[in-house]
Amino acid sequence: MLILAHRGYSAKYPENTFEAFVKAYEKGFDGFETDVHMTKDGELVLIHDETIDRTSNGQGYIKDMTLSELRKYNFCYKCKGFYPIPTLKELLEFIQDKDLLVNIEIKTDKIQYKDIERKVVELVEELGVKEKVIYSSFYLKSLLKVREISPQAYIGYLCENNYKKKIESLFQHQIYAFHPRHTYLREKNIEMLKKNKIFIAAWTVPNLKKYQRLKELGVDIIISNEYFK
């Protein structure tokens with residue numbers, strides 16, 4: 001089982017900053033989970049929310065700002081030092097010579113950025129890290145677009161509610177990876193997914209006890225803010 005750092009080592013460092021990714025690598029995580037949005041000038045940046053309001057000292061939507069404009073803000077305004085918003089390219093370049101896995105969540109469930117799926121996949125392939133990347137999204141159409149662009153890509157369907165309907169969609173579209181919130185993963189649900197040969201990635205696992213239980217039940221990936229190994 002692999003353990004991925006949720007938005008980097010976010011229990012200890014500001015989420016989705018380059019510092020959080022570097023510290024996750026140093027701590028021993030098997031890789032990272034991160035979120036990608038697209039700027040006004042088409043740059044792919046790593047941030048969870050559609051706006052910068054919660055995580056920076058600025059305000060506004062990612063889609064309405066250029067990368068240059070975003071780089072003026074500090075993405076940990078409560079911390080000492082300056083933390084610029086990182087780009088997906090910077091993170092992928094960091095993993096090029098390392099044995100790390102990156103789960104890229106394409107954040108299109110609220111804003112459908114034009115052609116973001118193609119931009120992400122092409123960047124991954126250009127940098128030669130195709131075997132080190134998995135894709136996930138709450139937005140089914142984005143996953144299907146990724147598969148259309150790169151038929152062999154790992155795509156995982158994210159879910160935190162309406163599980164029955166989304167599992168039906170999982171089977172209907174022959175998606176073989178499911179990324180539910182950890183609370184869904186009771187033993188019978190894990191058995192059902194495993195019976196249907198579905199790869200399971202659980203988020204955001206909160207503590208060592210839950211981590212050990214999910215590991216024993218055969219979950220494939222744990223995504224967590226904290227390191228449990």
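1. The crossing of helices α3 and α4 is right-handed, a term used when the near helix is turned clockwise from the far one by less than a right angle. The model is predicted, so local features need pLDDT of at least 70 and side-chain atom pairs count only at pLDDT 80 or more, whereas totals for chains, interfaces and linings use all residues. Residues are numbered from 1 along each chain as its sequence is written, and side-chain values use heavy atoms, without hydrogens or water.

2. The axes of α3 (residues 88-95) and α4 (residues 116-126) come within 10 Å and cross at roughly 30°. Therefore α3 is roughly parallel to α4 (angles under 35 degrees count as such).

3. Leu88, Lys89 and Leu92 of α3 meet Val120, Leu123 and Val124 of α4 (contact means heavy atoms within 4.5 Å). By class, this contact has five nonpolar residues, no polar ones and one charged.

4. The largest pocket holds about 280 Å³ of space. A pocket is an open set of points on a 1 Å grid with protein on both sides within 12 Å along at least five of seven lines, and lining residues have an atom within 4 Å of a point. Its lining has 15 residues, with Arg7, His48, Glu105, Lys107 and Phe138 nearest the centre. These 15 residues divide into four nonpolar, three polar and eight charged.

5. The structure holds one cavity of 30 Å³ or more (a cavity is a set of grid points where a 1.4 Å probe fits but cannot get out). The largest cavity has a volume of about 40 Å³, and residues lining this cavity include Glu15, His48 and Phe75.

How values were computed
Axes fitted to C-alpha atoms, helices over the stretch in contact; angles between N-to-C directions. Helix = DSSP H or I, 4+ residues; strand = E, 2+ residues; numbered from the N terminus. Parallel < 35°, antiparallel > 145°, perpendicular 65-115°, else oblique. Nonpolar A, V, L, I, M, F, W, Y, C, P; charged D, E, K, R; others polar. Points joined across faces, edges and corners; volume = space filled by probe spheres on them.
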